[in-house]
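Q: I have a structure open and would like to go through some of it. Can we start?

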Amino acid sequence: MSTTAKKSVNPLPLKERMKVPRQLMPEQAADERAHNFTEVNLGYSPELAQQEARRCLECAKPTCTDNCPVGVKVKEFVELIVVGDFLGAAAKIREDNVLPAVTGRVCPQEDHCEGKCLLSKKVKPLGIGYLERFVADYEKRMGTHVVPNVPPTGKKIAVVGSGPSGLTVAGDLIQKGHKVRVFEALHELGGVLVYGIPEFRLPKQIIREQLDYMREMGVEFETDVVVGRTVTVDELMEEEGYDAVYIGTGAGLPQFMNIPGEHFNGVYSANEFLTRINLMKAYKFPTYDEPMLDLQGRDVAVIGGGNTALDAIRSALRLGARKAYVIYRRSDAEMPARAEEVHHARQEGIDFQMLTAPVEFLSDGKGWLTAARCVRMELGEPDASGRRRPVPKLGSEFDLSLSVAIIAIGTSANPIVQSTTPGLGTNKRGYIQASEETQRTTRKGVFAGGDIVTGSATVILAMGAGRRAAKSIHEYLTTGEW
Amino acid sequence: MFKIIDAQLLAPGIKRFVIEAPRIARKQRPGQFVILRIYEEGERIPVTIENSDPERGTVSIVVQSAGKTTQLLNSLNTGDTILDVVGPLGKPSEIANYGTVVVVGGGVGTAMAYPTAAALKRAGNRVISIVGARNKELVILEPEMRAVSDSVMITTDDGSYADKGFVTDKLRQLIQNGTRIDLVVAVGPIVMMKAIADMTRKENIHTVVSLNPIMIDGTGMCGGCRVLIDGKSEFACVDGPEFDAHRVDFAVLVQRNSMYRNAEQRSLAEFHRCKTDAATRELETTAAAVPAARQGEQR
C-alpha cells in the first residue's frame, strides 16, 4: 500500500505537461520601449506563473539545481508555485539566493538551470528565470519577508565591494549571526547592478529594495571608501578589528583595442558610457549635472558582443540614436550575450554587423569621431577560448559613419587592492588568486570572488563565488583553521 | 555627508575648504586627489588635496570657480556639507632626495604644488618655487610656499605684483644662469605645463606634471580619464595623476577636456538663470512686503 515516492502536487499528469507551451513573458512593444527606459519584461501574472510551473517534470535528480551556481532548489520552489504558496516559494529561493529579483532578470538561464532542463530535449525549457522573478516580485508586493533572528557570534567581516558577489557574502553571513560591513567605492551601492545594467533590464528600485532588506537584517554599508586607498585590507584587519575580509571588487579596468583614434572625442568605454547614464543620470542633463554627448539623431556603434555591449547600444537607441549598430568580430553562435537580450535588441531595430571589426577610428581633423574603418572577418580554426578565431578578409575594408563608438570588449584586473595588500597572490593577468572551492586567497583571513578572481563573467557566477566564500568564511571563523 | 568646518576666500573666485574626512586625512599623501559630489543631482569632479590633518581628521582643498559645480562649491560656507568625498585617489608624488627641485605652481595649481613642495623639502631637497598668477589678487599661498622653499619667485601676467611675465620666464632664467636642476614639478594650466615640458625637454631635465582630465569614478573603472602617454592610453586616476611631462600628449588632453564644453556652458547658463530668478523672486517678495509695512506705520 504505502509508497515511498512523494505524491506530486501537480494536477497535470506527466505526459500532459509537455503539451503545455512555455508561457510567454509579457513585454513592452518593441517600437514603444525603444524610446524609453522602462523595463522591457513586464512579469508573469499568478495565473501565467502557475500555468508555467505546472510544466515542471519534477525530475528525481534535478539537473537545474546542479547547474545553478548558487544551487537554488528549483523543483521545490516551483512546486510551491503550483500549490499557490508564492511567499513560501520566495522563502525557498532565499535559502540559496539573496537576490532573486535580480537573478530572475539578468541571469543567463540558458547557460545554467534552463540549459539542462529535461523539457528542453523535446520542447522549450521551463521558464525558471521568469518564475523566480515572479515570486521575488510577488514577495515585494506583499511587503512581507522574514528577517531571520540569529544569536550574534561576535565576529566581524568586511566585504569590499557591494556588487552581486559582495551582497551575497553579506546576506549569507549576516544570517549566521556575524557582523558584516560592506565598503563601496562609489557613492551608490550595488556595483555593476547599479552602474552597469540599465533600468530597462534591471530597475534600480529593485536593488534599493534588496539593499533595504539587507539593512533590516543588520548589514552595515559605507559608501565612498576605496579599499586600498581610503583604508587598506591590513588596516581593516589590524586596526578596525575585522576577523575576515572578502574582496569582491569586480571587473576593473576597461580594455581598449589599441587601434588608432581611440582617444577621439566620441569614443567611450562601455563602462564610462553606462556609468554616465545609469549612475550619473546624464540623460537627464541639465537636471543632473553630469553631461554626455547628445545622441539625438546620431549614428552610434558598440564594439563587442556581450551583455555589456547590448546594454550600451540599447541605451543609445533609447537616447535617440538614428542608427545603432553592434559590431562583432565573430558570428551569432559565438556571441556571449544572453539569448533573450539579443532577441530583444533585434526586435528593437539594432543593426548587427557580424563578422566585422574596426581597425581605425577616423576624425574630422579636430579630434571628433566621424567614422570607424572596419574590416569583414571570416571564422578560422578554434582559438584558446574554443571559439573559432576570426580572420580578416583581404580587401573588405569599409568606413561606417559614426558620431559615437562604445568599446565593450572586456575588462582587465583593477590593481588597487592587490598592489596595497602585501602577500596577496595574483595570477599573471593580475587577478586575485583564490581557491575555486573555498575562495580563500594566499592571505590568512582574506577571501576573494567574482570578476576580480575570474575576470569578467556574470552576476550569477559572482554570486556563486560569494556563496562559497560565505560558507568558507563561516567555517574559518568557527574553527579558526586556515 | 562631509562637513565643511572652515571655508576661506583666498583670492577672488578661489576658496579653501577644510572638510571633515577622517579616513582620507589619515591616508593622504602629496599629489593625491579626492572626487566629490556636492548634492544628489551633482556631477563627480576631481580636486587635488592641498593638505591634511590626520589628528583633526580633516583635509583641505582649494577650488577655483569655473563651471557650475565649482561655482556652486564656492558658494558653500562653514557648516555646510558636501554629499560625497572619496579618496585619497591616484598615486602619491614620488618623494625622494633628488638634489635641487624647481616646483612651479600656476594659478590655483599652486595649491596642488604646495604639498609636493613641502614633502620634497622635508626629504632634503633644495626647493626653488616659482608661483605664477594673472594678477596680484590671484597670487595664492605665498607665505605657505615661502615656508617650504629655499627661494620663491613670483610672476604676474600684468605685472601688478612681483615680476611681470610668466613662470616659464623664471625657469628659463634659472636654466640660463646655469642652476643645476635635478627635477621640475609643474602644476597649473595645460598650456603652462606644456610650455615647461617643451623647455625642459631640450635641457634634458626630468619633469613631472599633474594632469586633470575629465573623470567619473576615479578608481580605473570608467576609463574616461585616459591620457596619451608615449602614444599609449593610460588612466590618470590610477596610473597618475602625475606623469613624466616629456611623454604626455598635451594636445589630446586639451581636445578631450573640451568634449563637454557645450554642455558645461549650458549648465552654467542655467545655473545663473536659476540664481537670477531666485534673486528676482526675493526682490519681489521684499518689494511686496514694503508697502504692507508702511501701511502699518501709517496706522
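This is a predicted model: local features need pLDDT of at least 70, side-chain atom pairs count only at pLDDT 80 or more; totals for chains, interfaces and linings use all residues.

A: Residues are numbered from 1 along each chain as its sequence is written, chains are lettered from A and ligands numbered from 1 in the order in which they are written, and side-chain values use heavy atoms, with hydrogens and water left out.

Q: OK, how many residues does helix α11 of chain A have?

A: Helix α11(A) has 14 residues, 204-217. Helices here are DSSP runs of H or I with at least four residues, strands are E runs of at least two, and both are numbered from the N terminus. From first C-alpha to last, α11(A) reaches 20 Å, close to the 20 Å expected at 1.5 Å a residue; the expected span is 1.5 Å times one less than the number of residues.

Q: And what follows α11(A)?

A: Gly218(A), with a positive phi near 110°.

Q: Which elements do the buried residues of α11(A) pack against?

A: In chain A, they pack against α6, α7, α8, α9, α10 and β3. Among those buried residues are Ile206(A), Leu211(A) and Met214(A). Buried means under 20% relative accessible area, exposed over 50%, and partly exposed in between, with a 1.4 Å probe and protein chains only. Contact means heavy atoms within 4.5 Å.

Q: New topic: how many residues are in the largest nonpolar core?

A: It has 77 residues, and Leu131(A) is one of those with the most contacts inside it. Helix α18 of chain A gives the largest share, nine residues. Such a core is a set of buried Ala, Val, Leu, Ile, Met, Phe, Trp, Tyr and Cys residues joined through side-chain atoms within 4.5 Å.

Q: Now the rings. How is the pair of Phe37(A) and Phe200(A) arranged?

A: The pair is tilted, 6.0 Å centre to centre with 50° between the planes. Rings of Phe, Tyr and Trp (its six-membered ring) pair if their centres lie within 6.5 Å; planes under 30 degrees apart are stacked, over 60 edge-to-face, and the rest tilted.

Q: Are the two buried or exposed?

A: Phe37(A) is buried at 13% relative accessible area, and Phe200(A) is buried at 1%.

Q: What lies over the face of Phe200(A)?

A: Arg318(A), at 3.9 Å from the ring centre. The rule asks for NZ of Lys or CZ of Arg within 6 Å of the ring centre and within 35 degrees of the ring normal.
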